Amino acid sequence: MAGEALAAARAGEDAVAVDLVTGYLSGSPEGNEEIRELVLLLFAECSSMVSALGSGGATPVKMQVFDEDGNEVQIDDADPPVRTAIRALLAEVHGDQDAASEQIEIALANGQPQELATVVLQALRWTLKLAIECETRDLPVAPWITASLDDQP
């Protein structure tokens, strides 16, 4: 499912990508658990790619947040779901899977559907951007992600 969602996001079909991840969320604990695991999988892959880029790349990896007008904003000034996604990714990058999981739990427990969709979309977009950059630099990318990228023209 993650691969299909990445392929949809790559094709610019954000709503389809989010629906693939959250569409089966019925409010049941099992649905929440599946979404949590899928988003954490995406952030774990992002973390691996950030590490590869940081150690093998000529350019360091920098996290930036931009508003709708393209202006950089401080992470603490970003919208709550974007802050949640950033905190989850940073926790993964620093090897704290419990903190990353906690951030996603907060989004699932307290967030509105649109906020959860934003977290999912951020995870998909970062996974795509990092995978493309890793492939450009001939750095490792998980095979399932590469397959998702290869499905596109």
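Reader: Which helix gives the most residues to the lining of the largest pocket?

Author: Happy to start there. Helix H6 gives the most to that lining, with 10 residues. Please keep in mind that this is a predicted model.

Reader: How should I read a pocket in general, and how much space lies in the largest pocket here?

Author: The general idea is that rolling a probe the size of a water molecule over the atoms shows where empty space is left. In this structure, the largest pocket holds about 930 Å³ of space. It is lined by 30 residues, and the closest to its centre are Gln64, Val65, Gln122, Trp126 and Lys129.

Reader: Which elements each supply at least two residues of the lining, and how do the lining residues divide into nonpolar, polar and charged?

Author: Helix H3 (29-56), strand E1 (65-66), helix H4 (80-93) and helix H6 (113-136) each supply at least two. By residue class, the lining has 16 nonpolar, 5 polar and 9 charged residues.

Reader: Now the helix packing, please. At what angle do H4 and H6 pack?

Author: Two packed helices are described by the angle between their axes and the distance between the axes. For H4 and H6, the angle is about 45° and the axes are 8 Å apart. That makes H4 oblique to H6, and their crossing is right-handed.

Reader: And at what angle do the axes of H1 and H2 cross?

Author: Helix H1 (residues 2-10) and helix H2 (residues 14-22) cross at roughly 165°, with axes that come within 7 Å. Since angles over 145 degrees count as roughly antiparallel, H1 is roughly antiparallel to H2. This crossing is left-handed.

Reader: Where is confidence lowest, and where is it highest?

Author: Confidence is lowest in E1, with a mean pLDDT of 78, and highest in helix H7 (residues 143-150), at 89. For the protein, the mean pLDDT is 83, and 88% of residues reach 70 or more.

Terms used: Residues are numbered from 1 along each chain as its sequence is written. This is a predicted model: local features need pLDDT of at least 70, side-chain atom pairs count only at pLDDT 80 or more; totals for chains, interfaces and linings use all residues. Side-chain values use heavy atoms; hydrogens and water are left out. On a 1 Å grid over the protein atoms alone, a cavity is a set of points where a 1.4 Å probe fits but cannot get out, and a pocket is an open set with protein on both sides within 12 Å along at least five of seven lines; lining residues have an atom within 4 Å of a point. Grid points are joined across faces, edges and corners, and a volume is the space filled by probe spheres set on the points. Helices (H or I, at least four residues) and strands (E, at least two) are DSSP runs, numbered from the N terminus. Ala, Val, Leu, Ile, Met, Phe, Trp, Tyr, Cys and Pro count as nonpolar, Asp, Glu, Lys and Arg as charged, and the others, Gly among them, as polar. pLDDT is the predictor's confidence in each residue, from 0 to 100. Axes are lines fitted to C-alpha atoms, for helices over the stretch in contact, and angles run from 0 to 180 degrees between N-to-C directions. Angles under 35 degrees count as roughly parallel, over 145 as roughly antiparallel, 65 to 115 as roughly perpendicular and the rest as oblique. A crossing is left-handed if the near helix is turned anticlockwise from the far one by less than a right angle, and right-handed if clockwise.
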